[in-house]
Amino acid sequence: MSHLLHIDSSLRTEGSRSRRLSAHFAARWLAAHPGGTVTYRDLAADPIPHLDHAAFSAGFVPAADRTPEQATAFALGSQLIDEVLAADTILLAMPLYNFGPPSTFKAWFDRIVSHERTVGQLGDKEFVVVTARGGGYQPGSPRHGWDHREPWLRHALTTLGVSDATFIDTELTLARESPAELAAVMRARRTQTNEPARCAVLLPALAQLPEPLALVDVGASAGLTMLFDRYSYDYSGYRLDGADPDAPTLRCRVSGPVPLPSKMPAIVWRIGLDLNPLDVTSDDDVRWLTCLVWPDEEDRAQRLAAAIASARRAPPTIIKGDLLTDLPAVVARAPAGATVVVCHGTVLYYVTPAEREQFADTVRGLDVTWLTSEAPGVVPGTDRPSRDEQMTVLARDGRALAVADSHGTHLDWLG
Ligand SMILES: Cc1cc2nc3c(=O)[nH]c(=O)nc-3n(C[C@H](O)[C@H](O)[C@H](O)COP(=O)(O)O)c2cc1C
Ligand SMILES: C[S@@+](CC[C@H](N)C(=O)[O-])C[C@H]1O[C@@H](n2cnc3c(N)ncnc32)[C@H](O)[C@@H]1O
């Protein structure tokens with residue numbers, strides 16, 4: 001007859017996701033094992049005392065010589081181990097508390113490790129671990145790697161001979177439980193994704209302009225798309241080294257007659273303009289930027305982290321202002337004798353079509369070169385070589401030069 005040992009450890013009796021999951025698993029297990037029996041333990045309601053010296057040393061002392069404390073501790077340890085040995089399936093429910101398991105769970109685990117009875121001897125048992133956590137910890141998310149429960153428990157179970165524990169996870173439980181916190185972030189923040197790889201799309205067009213260059217990056221976010229000459233580039237194997245060896249290398253697949261730059265253009269002045277400049281030296285802003293990368297895109301997350309680290313070493317200047325009203329004043333600050341370049345990528349769709357026309361008129365009235373990388377049809381007057389909204393069109397002064405993917409990993413120059 002099959003036997004299940006079912007252990008809960010959430011301090012909550014109401015609303016606990018791990019308890020709900022483990023109860024569901026236990027019900028399904030019972031349905032699948034007619035006549036099966038269950039031992040249930042609630043480590044929150046009935047906590048196991050932490051392993052102390054009496055409990056630890058009890059096993060090394062002959063029964064007759066144990067102190068009363070050692071005898072009590074030994075009896076409890078034996079009972080807990082008996083429960084494990086009697087089970088075919090051990091179901092463990094574990095919330096995440098301060099990036100680790102509940103201390104009640106750890107206290108239980110410390111009691112079932114015995115060289116005589118369990119170490120290397122539980123390989124024939126099925127271990128199922130159901131977990132709950134308030135935040136998100138998927139690969140690519142800011143806290144990936146911070147949840148220490150699974151790595152710890154897998155190692156700890158390995159010493160007991162268990163190498164194939166099954167983990168069933170639920171996360172982001174606090175999104176449902178603390179909606180006010182989530183709503184506050186939603187009210188305070190806007191999408192301001194800053195993708196340094198977009199520099200790889202603009203650089204070949206930038207390098208064709210007479211030097212020196214003075215840049216105005218409109219919709220700069222945190223300014224990572226202003227730092228062209230900091231990054232290194234790999235255009236389908238053609239390399240160009242940037243000024244910061246620790247800044248990321250932007251890899252971009254090229255097709256068509258891309259005018260690959262023979263050297264980095266000289267940028268003598270640069271400034272960003274944004275409705276809400278993000279500050280690379282603010283941990284809070286950096287966390288938000290990191291949250292804007294989709295969880296499974298680890299390469300983007302790594303690139304962003306490296307670009308932010310580089311930007312922190314010499315932060316860019318970004319002025320708070322509206323592209324609809326404040327561009328002429330910013331352009332007026334550019335040094336004389338430089339080619340002034342107004343550039344923007346993935347920005348203009350934030351304003352209405354009528355406002356895009358208004359902005360385009362403003363730019364055309366200034367003595368500047370206008371470099372844009374926007375979705376097809378977004379820059380007024382620009383021809384639409386692609387109808388794919390996921391692509392961007394690289395244009396100079398409203399004339400399309402190339403089509404690129406919106407995250408800057410592919411550039412197809414028009415023949
Ligand atoms: C003391 C305590 C510490 C917590 N620490 C974390 C944490 O470090 N990371 C996290 O994502 N959630 C944390 N949470 C949230 C819980 O993981 C979340 O509420 C989870 O759903 C709890 O499991 P339960 O639903 O089974 O009670 C914590 C909750 C408590 C009560
Ligand atoms: C998607 S982000 C793009 C950031 C950067 N250009 C890039 O390619 O990574 C768009 C940025 O445009 C800014 N923005 C939107 N409307 C704006 C406006 N009217 N004036 C100035 N900036 C604006 C937003 O605040 C945001 O930082």
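This is a predicted model: local features need pLDDT of at least 70, side-chain atom pairs count only at pLDDT 80 or more; totals for chains, interfaces and linings use all residues.
Visitor: Is Thr346 buried or exposed?

Guide: A residue counts as buried if 20 or more other C-beta atoms lie within 10 Å of its own. Thr346 has 22 C-beta neighbours inside 10 Å, so it counts as buried.

Visitor: Which phi value does Phe99 have, and where is that residue?

Guide: Phe99 also belongs in this discussion: its phi is positive, about 70°, although Phe99 is not a glycine. Its loop runs between β3 (89-95) and α4 (103-112). Phe99 has 14 other C-beta atoms within 10 Å, so it is partly exposed.

Visitor: Which residues does the cis peptide bond join?

Guide: Omega is the angle to check here. Between Glu211 and Pro212 it is about 0°, and the bond is cis. Pro212 lies in the loop that links α8 (199-206) to β6 (213-218).

Visitor: Let's zoom out. How many helices and strands are in the chain?

Guide: The chain holds twelve helices and 16 strands. The C-alpha trace spans about 95 × 40 × 35 Å along its principal axes, and 36% of the 415 residues count as buried.

Visitor: Which domains does the assignment give?

Guide: Domain 1 covers 3-180 and domain 2 covers 196-413. Their centres, taken over C-alpha atoms, are 51 Å apart. Five residues from domain 1 and nine residues from domain 2 make the contact. On the domain 1 side, the touching residues are two nonpolar, three polar and no charged.

Visitor: How many residues are in the largest nonpolar core?

Guide: A core is read as a connected set of buried nonpolar residues. The largest one here has 59 residues, and those with the most contacts inside it include Cys199, Leu206, Val341 and Leu394. The element that gives the most to this core is α8, with seven residues. Beyond its neighbours within four places in sequence, Cys199 is in contact with Thr225, Phe228, Tyr231 and Leu250. Another core, of 26 residues, lies apart from it, and Val84, Ala93, Ile112 and Phe127 are among its members.

Visitor: And the ligands: which residues come nearest to ligand 1?

Guide: A shell can be read by its members, its elements and its classes. Ligand 1 has 17 residues around it, with Ser18, Pro95, Gly134, Gly135 and Thr173 nearest. By class, the shell has six nonpolar, seven polar and four charged residues.

Visitor: How many residues surround ligand 2?

Guide: Ligand 2 is surrounded by 20 residues, and Gln192, Gly219, Ser221, Leu323 and Tyr350 are the closest. That shell divides into seven nonpolar, nine polar and four charged residues.

Methods
Residues are numbered from 1 along each chain as its sequence is written. Chains are lettered from A and ligands numbered from 1 in the order in which they are written. Helices (H or I, at least four residues) and strands (E, at least two) are DSSP runs, numbered from the N terminus. A residue is buried if 20 or more other C-beta atoms lie within 10 Å of its own, exposed if 12 or fewer, and partly exposed in between; C-beta atoms are placed from the backbone. A residue is near a molecule or strand if its C-beta atom, placed from the backbone, lies within 6 Å of it. Ala, Val, Leu, Ile, Met, Phe, Trp, Tyr, Cys and Pro count as nonpolar, Asp, Glu, Lys and Arg as charged, and the others, Gly among them, as polar. Domain bounds come from an automatic or database domain assignment. Two residues are in contact if their C-beta atoms, placed from the backbone, lie within 7 Å. A nonpolar core is a set of buried Ala, Val, Leu, Ile, Met, Phe, Trp, Tyr and Cys residues joined through C-beta atoms within 7 Å.
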